[in-house]
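Hi,

Here is the structure I promised to pass on to you. Have a look at it first, and my notes on what turned up follow below.

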Amino acid sequence: MTLTPLKRLDSRQILHVVGEIRAFVAVRNEKQRLSCFLKHYRDLGVDRFFFADNLSNDGTVEYLLGQSDCHVFSAPGNYFAENVEPPKWTNALANVFGDGYWCVTVDADELLVYPHSSTVKLKDFCAFLDRENSPAVAGPMIDMYGPGPVAATRFTEGKHFLDSCPYFDPEPGWIRHVESSPKWQMFGGVRERVFWHNQPKENLPPCISKVPLVKWRKGAGYLISMHLHSGAKTSAIWCALLHFKFLSGFALITNEQVVLNQNIEEKGLSEKAIYLAALAVNPKLSLMDKQSTQYVGPDQLEKLGWIKSSTGYRRFVADLTRKSKKE
């Protein structure tokens, strides 16, 4: 598997370390988000990060080159043409540097959570998945939002995303069964509630399910963003991605993406045009309603049905807890 056209920008040694957990991320002008993003995944137990940077000019590359656990590759070209269907850049990086490792593949505005993730480290979670022979975990994106108008949301670099966008819709989305991996896709959530009520039925709302955690095997790959994988068997356990799409500058960033990619037909770009149209009609558009719920933690998500555990995993967590108390 070649890395062309990716060009490596750092010179740090990449050793084969058994048991490392590696993360793969495509970025463009994400410096504001990176402090929170990296802290979350380091706290979970990610050991090494691989970033494909698409022509950032906000200091993203310089910031990442200053992080000892990050490797950075320049990714020239168009993100929507090159890294969506399929995501060639992240697939290439994972096939070269992820073979045999548990790999987290996410966007810079997504924070992975899973049952008991507030107390169970990612290495322990992956050890359980290895034990039950489940080389992948799928789950929904949960769109997080702030208490006021989308346009008024403010995020300060270095703060946690939840400081700006602590709310979500408590009811999980609806499922469509498909012949793929995983065998299902989820739609719905706040984006369908707010932006899709006037759309024709044939125009599906955004898919909000992904496969962010995979025990990678060379030759594998994502098919459409991280929504579908080429065949990894997914666990009965569901994770989730807290999705912070609606931080500062949402409308400005979305408009830039639409304008710069007018000649490309891609579902994500069509969705962005719908968001912009709604904000143009109502500049004070808020995502809040009477059901909006403040995020507390993964146990809350499990009770609501956004994430799922299993009997075997609950026993595994209980054993871990007993061992830690003895130590």
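Let me begin with the largest pocket, whose lining has 19 nonpolar, 14 polar and 17 charged residues. In that count Ala, Val, Leu, Ile, Met, Phe, Trp, Tyr, Cys and Pro are nonpolar, Asp, Glu, Lys and Arg are charged, and the others, Gly among them, are polar.

Please keep in mind that this is a predicted model, where local features need pLDDT of at least 70, side-chain atom pairs count only at pLDDT 80 or more, and totals for chains, interfaces and linings use all residues. Residues are numbered from 1 along each chain as its sequence is written, and side-chain values use heavy atoms, with hydrogens and water left out.

**Pockets**

The largest pocket has a volume of about 1,400 Å³. A pocket here is an open set of points, on a 1 Å grid over the protein atoms alone, with protein on both sides within 12 Å along at least five of seven lines; lining residues have an atom within 4 Å of a point. Volume is the space filled by probe spheres set on the points, and grid points are joined across faces, edges and corners.

In the largest pocket, 50 residues form the lining, and the closest to the centre are Y79, F80, K245, Q257 and K272. Helix 8 (250-260) is among the elements that give two or more residues to this lining, together with strand 2, helix 3 (79-82), strand 10 (184-187) and helix 9 (267-281). Helix 8 has the largest share, with seven residues. Helices (H or I, at least four residues) and strands (E, at least two) are DSSP runs, numbered from the N terminus.

The second largest pocket holds about 420 Å³ of space. Its lining is made of 22 residues, and H40, D43, L44, V113 and H160 are the closest to its centre. Helix 1 (31-44) and strand 6 (110-113) each supply at least two residues of that lining, and helix 1 has the largest share, with six. By class, the lining of the second largest pocket has 10 nonpolar, eight polar and four charged residues.

**Cavities**

How many cavities of 30 Å³ or more does the structure hold? There are two, a cavity being a set of points where a 1.4 Å probe fits but cannot get out.

The largest cavity has a volume of about 40 Å³. Strand 2 (residues 21-27) gives the most to its lining, with three residues. Residues lining this cavity include F24, V25, A26, Y79 and D107, and the whole lining divides into seven nonpolar, four polar and one charged.

The second largest cavity, of about 30 Å³, is lined by I142, D143, D169, G189, V190 and W306. Strand 7 (136-143) and helix 7 (189-195) are the elements that give two or more residues to this lining.

**A helix pair**

The axes of helix 5 (residues 122-131) and helix 11 (residues 311-326) come within 11 Å and cross at roughly 135°. Axes are lines fitted to C-alpha atoms, for helices over the stretch in contact, and angles run from 0 to 180 degrees between N-to-C directions. Helix 5 and helix 11 are therefore oblique to each other; angles under 35 degrees count as roughly parallel, over 145 as roughly antiparallel, 65 to 115 as roughly perpendicular and the rest as oblique.

The contact (heavy atoms within 4.5 Å) is made by D124, F125, F128 and R131 of helix 5 and G312, Y313, F316 and L320 of helix 11. These residues divide into five nonpolar, one polar and two charged.

Best wishes
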